Amino acid sequence: MVRGKALPSLVLQNGMILNAFSKTWEKGNVWILGDRIVYVGEDVPASNDGVALMDCEGLYLVPGYVEPHAHPFQLYNPVTLASYAAIRGTTTLICDNLLFFQRLSDDDSFKIIEELDLLPTTLFWWCRYDNQTIEKASSFTNERMDRWLKHPLVVQGGELTDWPRLVKGDDQMLQWLMRTRQMGKQIEGHLPGASDKTLTEMALYGVTADHEAMTADEAYRRLKVGLSTSLRYSSIRPDLPDILKGLVERGLSSYQSLYMTTDGGTPAFCESGLVDRLIQIALDAGVPEIEAYLMATSNPARHYGLNRLIGELAPGRLAHINFLLAPDQPVPFHVLAKGKWVKKEGQEFPFHDSYNFSAKLKTRTISWDLTQDLIEPTSHVGMELKNAVISQPYVYEERMLEGELPAGVCYLTFIDAEKKWRVSTLVKGFADTLSGFASSYSGTGSIILIGRNKSDIIHAFNRVKELNGGIVIAEEGSILAEIPLLISAAFSDKSLPELIKEDKAFQTVIRDKGYRYEDPYYSLNFFSAIHLPYIRITPAGLYDVMGRKMLAPSIRIN
């Protein structure tokens, strides 16, 4: 083609092109054939016969943005997230595999991720080493780990939430880390508050990156031990502006080991954008203009060894291209993803679930009835939320009558979706005046019931049952807010803009009922997450994380 024996399908002319290698803007042309860039430079094709030409005079061309740490199941699903992200210029997402690993066979999972690879966006995956709850640990086997790590769409192991297990000498986990590095793939840590000693130890074990820095000093410590450092701006950890300002103030001169993530932003948080929003934050913090764009493109691509495919505008790369009106305006005016227009002249072309993702995760029907006795607490220890995700023990009298619950205290029940077991207790600090609440969205697939009135809790549950999945608030026999989750009772089939509207309406109600923290969905998801202190409610029972012991076992129902 470059020799004139074939023609490109599209030529972008006279644009200002970001050169990731020289870190300069260079005026030139980009030739595209199908989904690939085949030439970048000053030349034009020998013939224009059958070639689409686009004049890019006055436009700035940058690679499609990369989200290096996506959790594509935060009420939305991978297809709806990918479509929404692409329209805003994020054309590659590195995604968590935990839900697939928990709920599907590996063969079914691989069919799904290979079909998702047909989308205009590019979705890669990571392979979890550990569950976030205490059940299903036996599903993490050497055979499964090896199969996932060998898959070409899996680019890293992690995120490593149970790193204390590694430090205590778990040879199996060490073997998985060694296998990951032997395959040339990266390992992402999950190291909040880690000391220099711990960071060094993790680097020696093979960890290559971490996204848990909460201050500029913590980010700098990760850089010092050679870890690629993903800076976070999420609904529960909006640290990015302060971290970047701190790094700029200390005179950081090299940004090549830094990139940025929204770390699984929930729907309403995504309304202001994804990686495009992160670039704007970086620019506002004083990060040099080109470095801000490289942190969202070339830097993560190079970390994952994908820079010959994504993250740069150069021959052989996928034609993921964002067209900007100005370098200080990271929201693109046009977007190409794999050579296809997903946004042009401001008009959006969302792609839908033509790959039938919804059908791959079966509808979950609830066929049993909830009765008041199943909500009755069975322990004298409950939970008290201190923020969106951290909970401490709440000790109470073994029996409290309905109508006599202390201020801010609600019933809390975790119950199996098939009614095999339950854990019933009290929770303080979730929502002060919440009457009835039910959710099939949780970290374990269990149903969460919360509220001060058992009848309203049952009413909310019955609506979830009717929907075949959802999150519902009820009061005095009426439904105040709901988010239907029709895919596997955990994810919405609606587009992100539609889901954002539902989310905002729901959050208005739950905050009116006294929920005061950053993100209610993280509270729901992390009720059972044993990588966080101090007490968790899990399918096995109430669990003391620091003491690694069960405080009250779950009760078998049938």
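## Terms and model

Two strands pair if DSSP finds at least two bridges between them. Helices (H or I, at least four residues) and strands (E, at least two) are DSSP runs, numbered from the N terminus. This is a predicted model, in which local features need pLDDT of at least 70, side-chain atom pairs count only at pLDDT 80 or more, and totals for chains, interfaces and linings use all residues. Residues are numbered from 1 along each chain as its sequence is written, and side-chain values use heavy atoms, with hydrogens and water left out.

## The sheet

An open sheet with parallel pairing is built from eight strands in the order E6-E7-E8-E9-E10-E11-E12-E13. Its edge strands, E6 (65-70) and E13 (258-261), each pair on one side only.

Within this sheet, strand E11 (residues 209-210) pairs with strand E12 (residues 228-232) in the parallel sense over two bridges. Ser228 in E12 has Ala209 opposite.

## Helices on the sheet

Helix H9 lies across E12 and E13 and runs at about 130° to E12. Helix H10 (residues 275-284) also packs on the sheet, where H10 touches E6, strand E7 (90-95) and E13. The direction of H10 makes about 105° with that of E6. Contact means heavy atoms within 4.5 Å. Axes are lines fitted to C-alpha atoms, for helices over the stretch in contact, and angles run from 0 to 180 degrees between N-to-C directions.

## Helices H8 and H9

The axes of helix H8 (residues 216-224) and helix H9 (residues 240-249) cross at roughly 65° and come within 8 Å. H8 and H9 are therefore roughly perpendicular to each other (65 to 115 degrees). Ala216, Ala219 and Tyr220 in H8 meet Ile243, Gly246 and Leu247 in H9.

How values were computed:
Angles under 35 degrees count as roughly parallel, over 145 as roughly antiparallel, 65 to 115 as roughly perpendicular and the rest as oblique.
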